[in-house]
Amino acid sequence: MSDGRGASKRPLPDLLEARESAQPPAAAPTPRNVCLFVRQAGQKLYFGAPQIATALCVVHAFRGCKNVDADVDWALLGTTALFLAAKMDTAPVDLRDVVNTAYRTLHPNDSPLKIGEEYKQLRESVVTCELIVLRTLGFSLNFDLPHQYVLHFVSALSGCCKALDASKDGQSNLQRLAQLSWTLLNDFFMDPLCLACAATPLAVTVIHLACSLLRFDLPSTALPWWQHFWPDGTSQKLNSLSDTILQSIAGVLTDTD
């Protein structure tokens, strides 16, 4: 693997390699399974959606670099991405917890990883990979995440749309809209295309899609509701991004390559 500075390549130690008594991971290292691993391990670490999205962005950005070997250890990359995302949070998680959680996610039938030579090697693998990832990405991990905008925009809509105050099955329409928007957003971040989308248009579009799926008709004044949040947006841009998100989610959910 290239360290981001030149053409030379250096091998990385395989992370979380199964012990002789352990069952090998059932899932093949497809892009979809890498993302599922990051999401599952992130949830076990009690990461919020923005933290998991950050880890996924690290994976996508690193895998998209031209000077990165295609056979990079996907488990090592996913675990390193989780550790980097944890370090960027106000309450960082210890590397030991990240390594142990990643190991248990990959090998649920194995015994817990004990402090010893094996753990030390795995820890050093993540530290080495962290440096390579940072160098490859130019030490830039400032991803434009739309999660906060989704919550802000949905909250703003609640004050101007009475339909969102209604309830169904004990859940307000506002909660249903926020939840489905959040779900669409999280699924879209399984695709590298998320890196090419600005936060505001992406937040507006997932809300638009959620409204369509829930059959909520949000009122418009002189402008469509979404244009108040996305002033330079157009119907064509909105529909194009909507199609991109839906096709991406459908592709991610059915990916077997």
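This is a predicted model: local features need pLDDT of at least 70, side-chain atom pairs count only at pLDDT 80 or more; totals for chains, interfaces and linings use all residues.
Take C194, which is in no disulfide. The nearest cysteine sulfur belongs to C57, and it sits 4.3 Å away, whereas a disulfide needs the two sulfur atoms within 2.5 Å. C194 is also buried, with a relative accessible area of 4%. Another cysteine, C129, is buried too, and its relative accessible area is 0%.

C129 takes us to a helix pair. Where does C129 sit? It is in α5, among the residues that meet α3. From the α5 side, the contacts also include S125, V126, E130, V133 and L134. Facing them from α3 are L76, L77, T79, T80, F83, L84 and K87. Helix α3 covers residues 74-87 and α5 covers residues 117-136; their axes lie 9 Å apart, at an angle of about 75°. That angle falls between 65 and 115 degrees, so α3 counts as roughly perpendicular to α5.

Next, helix α7, residues 173-188. Its 16 residues reach 22 Å from first C-alpha to last, close to the 22 Å expected. Which residues of α7 are buried? They are N173, R176, L177, A178, S181, L184, L185, D187 and F188. Remember that residues three or four places apart in an α-helix point the same way, because there are 3.6 residues a turn.

Finally, how confident is the predictor? The chain averages a pLDDT of 82, and 80% of the residues score at least 70.

Methods
Residues are numbered from 1 along each chain as its sequence is written. Side-chain values use heavy atoms; hydrogens and water are left out. Helices (H or I, at least four residues) and strands (E, at least two) are DSSP runs, numbered from the N terminus. The expected span of a helix is 1.5 Å times one less than its number of residues. Buried means under 20% relative accessible area, exposed over 50%, partly exposed in between (1.4 Å probe, protein chains only). pLDDT is the predictor's confidence in each residue, from 0 to 100. Axes are lines fitted to C-alpha atoms, for helices over the stretch in contact, and angles run from 0 to 180 degrees between N-to-C directions. Angles under 35 degrees count as roughly parallel, over 145 as roughly antiparallel, 65 to 115 as roughly perpendicular and the rest as oblique. Contact means heavy atoms within 4.5 Å.
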